[in-house]
Amino acid sequence: MILDEKSDEKSDEVSITHGIIKQLDADTINKIAAGEVIERPASVIKELIENSLDAGADDISIKIRNGGRDYIQVADNGTGMSKEDLKLSVLRHATSKIRSHEDLFGITTLGFRGEAMSSIAAVSELTIRSMQGEQTGYNFDVSSGKIEAASGNKGTIITVDRLFDNVPARKKFLGTKAYEQKLVIGVVQKYALIHPEISIKLVNEDGVLVQKPKTASIIDNIGYIYGQDVAKEGIVLESDKEQDAVSVDGAIVKPTINRHSKDYIAVYINKRHIKSKIVEDSIMDALKTLVFRDRYPIVVINLDIDPSRIDVNVHPSKKIVKFDRNDEIYAAVYDSISYTVKKHLFGSASSEGVETKQMSFRDGEISIEKPKETNHKYEKPDYFSRASMQTTISNDSSSGQMHKDQTSYGLTSTNTKSESDDTRPLRRILGAIHKTYIIIEDKGGLMIVDQHAADERIRYEKLMLDMVSKKIALQNLLNPISIEFNSSEYAEVSENLQKLTDLGFEIEEFGELTLQIRSIPRAIDVIDLKTTLLEVASRLKVKDEEALIYLACRKAIKAGDELSPVQMKDLIDRLNECEKPMTCPHGRPTTIKLSINELEKDFKRIG
């Protein structure tokens, strides 16, 4: 309303002119509400799949045409609906899931708002056919309001035609058929991954897009969704701790198999698919240095938690939930991922013997956080056993060549054992190719070690240990070096002076826009010190650990550096002492294994 004060000084009365606020009609209200819940075809299919699961269905079939823009049909074998329930199902805030506001704080179903069906009906031509057991089924044409008796199987079939035809402004913002279809596939895959107990199928006008039968496990599901080559590298998530508040289950694929997108991190709360930065961050932190930069693991993770401890009523499409204790969620996920990976990739997991350390910068100082204690013993696997590296090094080994009487490094000419003799050395270094890759034979086949990646891993973990003990190896410069910066460079370095000091730089202000360097970490060279300082400072701004990774890389053995047999053995020995020897700090593999079985298959010796 507009309040218009009269100009008459003798009167304080206020006159009310004709109001401009209007109450919207029901059709407009429904279309606005639909816009919050139904954004595109994938939104429709998500809501309908959740309804099917809430109805107890274990067989769901989905059909789409034109990426779901023209036609969507979802059929299930759930409990079905009566004639009366059919009528109520398309009314706003009509639901079978809750009865009062108290129920909002203990939701155990995927749906509960009572908005999905009414929202779909507001922006499409909707038909529902449903049947309960042996009872008569009904077909409900929502547009006309007509309900007729119909035959069929137990369950519900929902057909959505001409989505957004009555809301052209919304329809023009839909993507191409390929784009919308990709989003639909993503939704179906997410629910297929977490439910071994259901079969689910998605088809379009050209054929089958997703098909997953009932399975025995989530890893089996991964096989149907991402392929058997991926599934065979899957590991069931475990934990070494009893979690009172949160129980974690699911599966992770070995980090060496990774993807360019976070879409392969599937997160669920009580089997509800959600987006959670807390969970994603915890996963990535647990896999730090095991996954290459800008790459992401393949993870299916479900958090089973008391419904009263989460709020799922914070987003219209229920994509986001709130936790009452973010720290507990983070810790439960971190512990499960790190324990599982350490146990299955590096031997029996434990916080004893080899400690996983998390580095963080707080209040300008670097701190190293030790993980919580566990009761498990960490038995470090012997990837490159010193004892098994049977080493016979001739006097001219420093030249990098093998003794002329040796057929390979570690095997003297007097060793005449056959290849099948189990008494031969467990492992032996055969040499290096292209001055980059160290070749090792063992009973199982071949191991190929990238000498640069291996040295990076060794140096990175050494730096981490030095940080813990505050014994960063320094080089005191005989003559301090003065470096002049421009204003932005000076600001970037100055902002990180304390952190740089903790990393081993001794830096003092030395006039306007000039800094004097008195000592540097031994891990770097004096050459081009200005560039090094700027690189380290910029990495500290982005991510703390990036600075240590950069320092580790600076002096690491490079591809093309020729190593003697002694140097190769020393490198392998030191790599075996690392906590995570199989990847460099960037997440690239240090070692590739080729089994005898794989070699025989490649050479067609076996089928």
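I took buried to mean under 20% relative accessible area, exposed over 50%, and partly exposed in between, with a 1.4 Å probe and protein chains only. The model is predicted: local features need pLDDT of at least 70, side-chain atom pairs count only at pLDDT 80 or more, and totals for chains, interfaces and linings use all residues. Residues are numbered from 1 along each chain as its sequence is written, and side-chain values use heavy atoms, with hydrogens and water left out.

Entry 1, aromatic pairs. I searched the whole structure and found 2, where rings of Phe, Tyr and Trp (its six-membered ring) pair if their centres lie within 6.5 Å, and planes under 30 degrees apart count as stacked, over 60 as edge-to-face and the rest as tilted. Tyr226 and Tyr264 have ring centres 5.1 Å apart and planes at 45 degrees, so I recorded a tilted pair. Tyr226 is buried at 18% relative accessibility, and Tyr264 is partly exposed at 23%. I then noted Tyr330 and Tyr334 as stacked, at 6.1 Å centre to centre with 15 degrees between the planes. Tyr334 is buried, with a relative accessible area of 8%, whereas Tyr330 is partly exposed at 24%.

I required NZ of Lys or CZ of Arg within 6 Å of the ring centre and within 35 degrees of the ring normal. Arg259 has its charged end over the ring of Tyr264, 5.6 Å from the centre. Arg65 lies over the face of Tyr71, at 4.0 Å from the ring centre.
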